Amino acid sequence: MKSLSFAAAVMLSASASAQPLLTYSKYFKGSRPETVIITLNKSGEAVYKEGLDDDQPLKFQLAESETAEIFALAGKLGRFNREIESGLKVANMGVKTFRFQDGAVKNEVKFNYSQDPDAEALHDWFERIASTEQSYFDLDRAIHFDKLGVNQSLLQLQITWERKRLVAPVQFLPLLDRVIKNESFLHMARERAATLADAFRSIQSAQVQTP
C-alpha cells in the first residue's frame, strides 16, 4: 500500500478519541506490507492499518491486562520524551515510530534498533499485534477466495497461538464459526477451527467474569 505521513495517520486516529492514545508505525521499503500503523487507546480499542489510505482497517479490542501492560511500558519510556535509538551500526530494519498523545501532550520518537529493554518489549507487543492482524487478513481471504487454503491458514494461526504470539484472539471467533458451520470446508479445517474456537471462547469467558 501507499506509504503516507505518520503524523497524518495519527491526526486521523486521534480525532476520534479524547483518551490517551498510543500509536506505532513502521515503514520498511520493499516489505509486505511496507507500512503498518497501529493505534490503541486506554480503553483497549485498537485499529490496524496498512497505510493511511487503507480502506479496510481492522478494529479490535485488546484485553484490559494487555492494554495496561502496553501503556505501562510507554510510561517506563517517559511516554517517548527521550531517544531510544541504540546508535549502533546495524542493518536497516525499518523506521519505527512510537507516539503518545493525551490532550496537549504529544511526544514522538523514531528508531531503527533499540537496546532499551522496555522499548524492545513495547516493540514486540506491536509486532505481535501486526502479525495477528495479518493472520486475520490471511484467514478472511482464504475463507472468501481459497477454501482449500483455509486449513493452512488455520494451521498457521494455531502455531502462532501455541507460541503465545497471538493478541486479542477473541476477534477470530466470527471467522472460526463461519468455517465450523460450513460443510463445504475440509473436515480437518472445521475440526481445527472448532479447537481454536473453544480455546478462544474460554478466554472470552474469563474476560467477562473478571471484575
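Modeller: R82 is partly exposed, at 35% relative accessibility, where buried means under 20% relative accessible area, exposed over 50%, and partly exposed in between (1.4 Å probe, protein chains only). This is a predicted model, in which local features need pLDDT of at least 70, side-chain atom pairs count only at pLDDT 80 or more, and totals for chains, interfaces and linings use all residues. Residues are numbered from 1 along each chain as its sequence is written, and side-chain values use heavy atoms, with hydrogens and water left out.

R82 forms a salt bridge with D116, with 3.3 Å between the closest N and O atoms; the term means a side-chain nitrogen of Lys or Arg within 4 Å of a carboxyl oxygen of Asp or Glu. D116 sits in the loop between β6 (105–111) and α3, and R82 in the loop between α2 (64–76) and β5 (95–102), so the pair links distant parts of the chain, 34 residues apart. Helices (H or I, at least four residues) and strands (E, at least two) are DSSP runs, numbered from the N terminus. D116 counts as buried, at 18% relative accessibility.

The whole structure holds seven salt bridges. One of them joins E127 and K26 at 3.7 Å, N to O. Because E127 lies in helix α3 (residues 117–145) and K26 in strand β1 (residues 21–27), this pair ties together parts 101 residues apart in sequence. E127 is partly exposed at 23%, and K26 is partly exposed at 21%.

Another salt bridge, between D138 and R141, has its closest N and O atoms 3.7 Å apart. Both residues lie in helix α3, three residues apart, about one turn of the helix.
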